[in-house]
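Here are a few notes to read alongside the model. Take them in order and keep the viewer open as you go.

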Amino acid sequence: MSAAKRPAPDLAGPAGDGERTTPVAPDGPDTRGDDAGGRAPGYAPGRTLPLRVEFVRQLRRRRTMAMFAVLLALPWVLVVAFQFGPAGRGQGSLRLSDLATAGGLNFAAFALSVSANFLLVVAVALFCGDTVASEANWSSLRYLLAAPVPRDRLLRQKLVVALAYSAAAVTVLPLMALLAGTLAFGWNDITVPGTGEVIPAADVLPKFAVVIVYALVSQLVVAAVAFLLSVGTDSPLGAVGGAVGLVIVSSILQAVEALGTLREFLPTFWNAAWLDALAPEPDYSGMVKGVAISVTYSVVLVALAFRRFRRRDVVS
């Protein structure tokens with residue numbers, strides 16, 4: 001048969017009736033109704049990197065387990081130290097350290113005071129400063145963004161999980177100290193440092209919950225600084241060290257009385273204001289100022305972190 005008389009191919013398939021139709025790929029979805037941006041069918045930005053997945057990923061890391069092990073063990077180490085230390089306390093001394101063995105609440109307040117300025121700072125800086133920088137250090141950040149996970153969502157999920165673990169760290173230590181102190185020294189009324197007044201434990205317990213919340217809020221600046229540094233470096237140690245260094249510098253400047261009222265704007269100036277909440281007549285004015293300073297700094301620093309991460313070249 002010549003080429004001029006060769007019949008046209010049947011586009012309807014083997015079982016067709018000879019009618020011409022538009023061919024469709026046998027495998028794979030029809031993408032003709034996709035959006036103008038070329039987004040793959042079934043892709044939903046809000047379903048990428050679920051919080052549950054990120055929580056599990058961070059929980060399985062050795063630094064998370066090691067940090068919580070230290071936080072849970074510290075109160076028991078302090079109990080042993082007091083048990084093997086010199087019997088009794090200073091005659092007429094009303095320092096918080098000398099009143100630590102007066103009961104569980106006193107011991108919990110002491111444990112929180114000695115850990116808030118360093119150990120809790122390191123814990124918060126570790127959880128918030130290591131979260132993005134470690135991904136960049138492992139070269140896995142580019143693959144998360146290629147999933148594709150939107151940058152703002154990735155940063156938000158990381159921040160939420162980091163703050164959740166930071167809150168757990170700040171909460172678990174005083175609660176474990178309360179348990180350890182109660183088992184070791186009994187459930188007694190609290191003796192106020194400085195004045196020696198005794199307040200019923202039932203009246204102090206709600207205030208102690210406020211103290212824990214304030215301790216968490218006062219650490220927000222550390223979390224925000226660590227997070228800002230984390231999005232700009234691939235060195236987790238640098239991000240954590242930078243946040244801890246900020247606290248050290250702020251504490252040094254806090255001791256310079258020549259600065260006058262300027263010291264009140266330092267992020268660490270109001271960290272010990274929670275002691276006023278345990279007084280017979282609580283004074284929350286210092287805590288209110290501390291919350292205002294901490295929240296203001298944190299909002300600005302987190303906003304800078306998001307702005308910086310949107311423009312960051314994660315490939316280099």
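1. A cut-off to start with: a residue counts as buried when its relative accessible area is under 20%, as exposed when that area is over 50%, and as partly exposed in between. Bear in mind, too, that this is a predicted model.

2. Is T131 buried or exposed? Its relative accessible area is 2%, so T131 is buried. Setting aside residues up to four places away in sequence, T131 touches E54, Q58, R63, K158, A162, F227 and S230.

3. Now zoom out to the whole protein chain. You'll find ten helices and two strands, and along the sequence they run α-α-α-α-α-α-β-β-α-α-α-α. The protein chain has 316 residues, and 41% of them count as buried. If you look at contacts between residues at least 6 apart in sequence, 76% join residues at least 24 apart.

4. Next, the inside. In soluble globular proteins, nonpolar side chains tend to be buried together. Here the largest nonpolar core takes in 73 residues, and L71 and F107 have the most contacts inside it. Helices that each supply at least two residues of this core include α2 (62–84), α3 (104–116), α7 (201–218) and α10 (285–310). Which helix gives the largest share of the core? That would be α6, with 13 residues.

5. Leaving out neighbours within four places in sequence, F107 is in contact with P75, L78, V79, F82, A100, A177, A180, G181 and F185.

6. On to the rings: the count of aromatic pairs is nine. One of them joins F127 and Y165 in a tilted arrangement, 5.8 Å centre to centre with 35° between the planes. This pair links distant parts of the chain, since F127 is in helix α4 and Y165 in helix α6, 38 residues apart. Both F127 and Y165 are buried, and together with F55 and F68 they form one aromatic cluster.

7. The protein chain exposes about 17,100 Å², with carbon and sulfur atoms supplying 63% of that. There is a nonpolar surface patch of about 590 Å², made by V249, L253, V256, L259, L262, F265 and Y297.

Key. Residues are numbered from 1 along each chain as its sequence is written. This is a predicted model: local features need pLDDT of at least 70, side-chain atom pairs count only at pLDDT 80 or more; totals for chains, interfaces and linings use all residues. Side-chain values use heavy atoms; hydrogens and water are left out. A nonpolar core is a set of buried Ala, Val, Leu, Ile, Met, Phe, Trp, Tyr and Cys residues joined through side-chain atoms within 4.5 Å. Buried means under 20% relative accessible area, exposed over 50%, partly exposed in between (1.4 Å probe, protein chains only). Helices (H or I, at least four residues) and strands (E, at least two) are DSSP runs, numbered from the N terminus. Contact means heavy atoms within 4.5 Å. Rings of Phe, Tyr and Trp (its six-membered ring) pair if their centres lie within 6.5 Å; planes under 30 degrees apart count as stacked, over 60 as edge-to-face and the rest as tilted. Patches are made of residues with over 30% relative accessible area and no salt bridge: like charges are joined within 9 Å, nonpolar side chains (Val, Leu, Ile, Met, Phe, Trp, Tyr) within 5 Å. Accessible areas come from the Shrake-Rupley method with a 1.4 Å probe; for residues, only the protein chains shown count as cover. A salt bridge is a side-chain nitrogen of Lys or Arg within 4 Å of a carboxyl oxygen of Asp or Glu.
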